[in-house]
Amino acid sequence: MRVKICGITQPQQGKAIASFGATALGFICVPTSPRYINIEQIRAVVEQLPEKIDKIGVFANTSVPEITQTVVHSGLTGVQLHGDESPEFCQQLRQLLPDIEIIKALRIRSFEDTEKAETYTSNADTLLLDAYHPQQLGGTGTTLDWTMLQQFSPSCPWFLAGGLTPENIIQALTQITPSGIDLSSGVERAPGDKDLDKVAKLFEKLHSKC
Ligand SMILES: O=C(O)c1ccccc1N[C@@H]1O[C@H](COP(=O)(O)O)[C@@H](O)[C@H]1O
C-alpha cells in the first residue's frame with residue numbers, strides 16, 4: 001500500500017520520513033496554507049530524497065502555467081489537484097506533463113460526491129478522497145464517514161485522506177481498502193512541522209497489521 005505523508009517543509013524531516021518507509025511525500029503549493037513552501041524550498045527537500053519516492057505538489061484552483069512551472073523547477077513527480085479543477089483541466093495538464101502523476105482530490109460530503117469522483121478516472125491517474133470542511137481546502141484533520149466508502153471501487157487507484165492518525169488508521173483500514181493512505185495534520189506538532197515519533201508510530205501500526 002502507498003503511504004503519503006503530506007505538508008513537508010523541512011529537508012531533514014523529509015529524509016527521515018522517507019527512511020521510515022513513506023512511498024510519497026507531499027508539498028503544499030497553496031499560498032494560503034500555513035504549510036506552503038515555494039519552489040526553492042521544495043527543491044531543497046527533494047534533493048535529499050531517494051529517487052524512488054514520489055514527490056507530490058499539492059495545488060488548488062491555480063493555473064496550468066503556474067503548476068507546470070513549479071513542477072519543472074522543483075523536481076516534483078506528481079501533482080495533487082485539491083480544488084475545483086474539472087476533468088478537462090486534468091486532461092490539459094496531463095497532455096503538458098505526460099510523465100507526471102495526476103492525483104485528483106475530492107472533498108466528500110455525501111455518497112453523491114463519491115459518484116462524481118468516478119467522472120475523473122479517465123483524466124487522472126489516481127483519486128484522493130478527503131473530508132469536506134466548510135472553510136478550509138485541506139489539512140483540516142477532519143475524518144470522512146468511512147462507511148460511505150465501503151462500496152467505492154473506482155477504475156483507478158485511490159488514496160484515503162482526511163484526519164488519519166496513528167490512532168485511527170487501523171480502524172479505517174479494517175473498514176475500507178484504499179490503494180494508499182495520506183496523512184498530514186495527524187502526524188505533526190504544528191502545521192508544517194512533522195512529529196517524527198508520530199510518523200514512527202504510524203509505520204509500527206501499519207506493520208503490525210501485515
Ligand atoms: O495541508 C494543507 O494545508 C492543505 C492546503 C490546501 C489543500 C490541501 C491541503 N492538504 C491536504 O489535506 C489532506 C488531508 O489532510 P489531514 O490529514 O486531514 O490534515 C491531505 O491530502 C493533504 O494533502
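**Helix packing and buried threonines**

Thr165 touches Leu183 and Gly186, residues up to four places away in sequence not being counted (contact: heavy atoms within 4.5 Å). The structure is a predicted model, in which local features need pLDDT of at least 70 and side-chain atom pairs count only at pLDDT 80 or more, while totals for chains, interfaces and linings use all residues. Residues are numbered from 1 along each chain as its sequence is written, and side-chain values use heavy atoms, with hydrogens and water left out.

Thr165 lies in the loop between strand S7 (158-160) and helix H6 (169-175); helices (H or I, at least four residues) and strands (E, at least two) are DSSP runs numbered from the N terminus. With a relative accessible area of 19%, Thr165 is buried (buried: under 20% relative accessible area, with a 1.4 Å probe and protein chains only).

Thr70 and Cys29 are separated by 41 residues in sequence, with their C-alpha atoms 8.6 Å apart.

In helix H2 (residues 39-46), the residues Ile39, Ile42, Val45 and Val46 are buried. These residues span an arc of only 125 degrees around the axis and therefore lie on the same side of H2, the arc being that of the directions from the helix axis to the C-beta atoms. The cover over the buried residues of H2 includes H1, strand S2 (24-28), strand S3 (54-59) and helix H3 (64-74).

H3 also packs against helix H4 (residues 87-96), at an angle of about 40 degrees and with the axes 11 Å apart. Axes are lines fitted to C-alpha atoms, for helices over the stretch in contact, and angles run from 0 to 180 degrees between N-to-C directions. The contact involves Val64, Ile67 and Thr68 of H3 together with Phe89, Gln92, Leu93 and Leu96 of H4. Of these residues, five are nonpolar, two polar and none charged.

The axes of helix H1 (residues 11-20) and helix H7 (residues 196-209) come within 10 Å and cross at roughly 15 degrees. H1 and H7 are therefore roughly parallel to each other (angles under 35 degrees). Gln13, Ala16, Ile17 and Phe20 of H1 meet Leu196, Val199, Ala200 and Phe203 of H7. The residues of this contact comprise seven nonpolar, one polar and no charged.

Terms used:
Angles under 35 degrees count as roughly parallel, over 145 as roughly antiparallel, 65 to 115 as roughly perpendicular and the rest as oblique. Ala, Val, Leu, Ile, Met, Phe, Trp, Tyr, Cys and Pro count as nonpolar, Asp, Glu, Lys and Arg as charged, and the others, Gly among them, as polar. Buried means under 20% relative accessible area, exposed over 50%, partly exposed in between (1.4 Å probe, protein chains only).
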